[in-house]
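Subject: Structure handover

Hello,

Here is the structure I said I would pass on. My notes on it follow below.

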Amino acid sequence: MTHIIIVGGVAGGATVASQLRRLNSDYKITVYEKDRDVTFANCGLPYYLGGIIPDRSQLLNYTPEGLKEQKDIDAHVYHEVTHVDPSKKEVTVKNRENGETFTDNYDKLILSPGCRANSLPLDTDMAFTLRNLEDTDAIENYIKQNNVKKVLIVGAGYISLEVLENLYHHGLETVLIHRSDKVNKFMDQDMNQVIFDAMDERKIDYRLNEEIDTVEGKTVHFKSGKQEDFDMIIEGLGIVPNNESFKDTDIKLDDDGYVPVNAYFQTNFEDIYAIGDIASYYYRHVDLPTRVPLAWGAHRAASIVAQHIALDSAPPFKGFLGANAVKFFDYTLTSVGISPNELKHFNYGMTENEQYNHASYFPGAERIHLRVYFDKDTRRILRAAAVGKAGADKRIDVLSMAMQNNMTIDELTEFEPAYAPPYSSPKDIINMVGYKAQSK
Ligand SMILES: Cc1cc2nc3c(=O)[nH]c(=O)nc-3n(C[C@H](O)[C@H](O)[C@H](O)COP(=O)(O)OP(=O)(O)OC[C@H]3O[C@@H](n4cnc5c(N)ncnc54)[C@H](O)[C@@H]3O)c2cc1C
């Protein structure tokens, strides 16, 4: 019987396990997960903290018992894979509850260990990061048990922004600091202005170019010389790859510790796959390497890998477009394509427009700012970014599909929206960006 071992039991790992079982009822499928839970919805965690998702059980899809009963998948929590030996097709596993170590052999190994949150070496028990349901429980319990009223959010990436908004909704006073003046790096920096506007409107304190120096009791000493008391600190400082179990093996890593894969997510060993945040590949629309540590990639990879293992053929992965969105209070900030600092590799042009999300005379019209970058030589779209209170995500989804099909900036004039006054305009903002590009 073919034995498939999966390292990590959340977005990529649990999905590939389910897909494999759907395609083959005979495989022995074993999932090792080093932490407490499998198959939870990471992306929903900030919204649970804010009370938007009131019921914690909505975030937890399966327990290990449920996976066994319903899908015949053996998922072992608190089991950490500590070493991979590709030559013996063997993993070493540590049971974190009793400390025992054992080995297990695979026919196919799928690595989906994700990344962990960076954190500062602070000497305090009031600092937290948010990566999984255990972190969420710890944050929730700390807030309840310590009568938390004032929280310092460190970092201004999308998770920090989501946490800030949700703790604000929870009724807590929030303060945000960020060590540079470049926030939410997915977006063009000038389009991030709405983040500051939203905080100003609510009198939320924030300071850029600010860092923590030390923490003494509840007092945080900042590198600027300021000091201020907080009940809690939440750090959102980016991620590092969970590669410890295989970084000293012959499995090839890139310079940043991620795993380069081929179009079927195979590593340099054909029986070892890497999916999700740990994998590195290429953009779909331009010839540049990239990593997109977001949920779509983990799910797409899981599907391709399951087909590659279980069926004779699988569709090759055609690459990432990097589509992403973050909600910050009333605003949506969203983009697709290469990042702003990758534009330098191209002879690019840019066209943008601001107009209402639907007919301006129809109640509730909100302005959207849409910006599209294109390659001046081929006219192909390189990147698009949109900000607005309504309808920004729809435009980026449409442009993602346009980019998937290698459309040019000029072809955006041909986009035919499903128009009625509550939904768009006879000349949608996407059309307008296309028309404006004609002179460029
Ligand atoms: C708070 C938060 C909000 C997010 N919001 C969004 C969003 O809105 N949109 C979006 O697209 N993405 C979002 N993401 C990112 C998304 O969740 C990840 O891209 C996705 O979970 C990656 O899947 P993965 O399988 O690679 O890693 P994970 O889902 O993180 O799973 C990896 C698992 O492997 C385990 N593991 C690691 N090493 C070992 C080992 N040696 N042995 C055993 N187990 C191991 C880890 O404990 C972990 O549980 C969010 C993430 C977080 C944390």
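Y78 is found in the loop between strand 3 (74-76) and strand 4 (79-85); helices (H or I, at least four residues) and strands (E, at least two) are DSSP runs, numbered from the N terminus. The phi of Y78 is near 55°, a positive value in a residue other than glycine. With a relative accessibility of 22%, Y78 counts as partly exposed, where buried means under 20% relative accessible area, exposed over 50%, and partly exposed in between (1.4 Å probe, protein chains only).

This is a predicted model, in which local features need pLDDT of at least 70 and side-chain atom pairs count only at pLDDT 80 or more, while totals for chains, interfaces and linings use all residues. Residues are numbered from 1 along each chain as its sequence is written, and side-chain values use heavy atoms, with hydrogens and water left out.

A positive phi of about 55° also occurs at N406, which is not a glycine. N406 sits in the loop between helix 8 and helix 9 (429-437), and its relative accessibility of 39% makes it partly exposed. As background, most residues other than glycine have a negative phi.

On the sheets: five strands form an open sheet in the order 9-16-10-11-12, with parallel pairing. Two strands pair if DSSP finds at least two bridges between them. Strand 9 (127-129) and strand 12 (205-208) stand at the edges with a single partner strand each, so one side of each has no neighbour in the sheet. From one strand to the next the twist averages 20°; axes are lines fitted to C-alpha atoms, for helices over the stretch in contact, and angles run from 0 to 180 degrees between N-to-C directions.

Strand 9 pairs with strand 16 (residues 232-235) in the parallel sense over three bridges, and T129 stands opposite E235 in strand 16. Helix 4 (residues 133-145) lies across strand 9 and strand 16, running at about 150° to strand 9. Contact means heavy atoms within 4.5 Å.

Elsewhere, strand 1 (residues 3-7) and strand 7 (residues 108-111) run parallel and are joined by four bridges, with I5 opposite L109 in strand 7. Strand 7 is also joined to strand 19 (residues 272-274) by three bridges, again parallel. There, A274 in strand 19 is the bridge partner of L111.

V286 is found in the loop between strand 20 (279-282) and strand 21 (289-290). V286 is buried, at a relative accessible area of 10%. Not counting residues up to four places away in sequence, V286 touches I338, F346 and L382.

Last, the second largest pocket. Its volume is about 450 Å³. On a 1 Å grid over the protein atoms alone, a pocket is an open set of points where a 1.4 Å probe fits, with protein on both sides within 12 Å along at least five of seven lines, and lining residues have an atom within 4 Å of a point. Grid points are joined across faces, edges and corners, and a volume is the space filled by probe spheres set on the points. The lining of this pocket has 24 residues, of which W296, L321, G322, A323 and S400 lie nearest its centre. Helix 8 gives the most to the lining, with five residues. Helix 7 (295-310), strand 22 (324-328), strand 23 (331-337) and helix 8 (392-404) each supply at least two.

Regards
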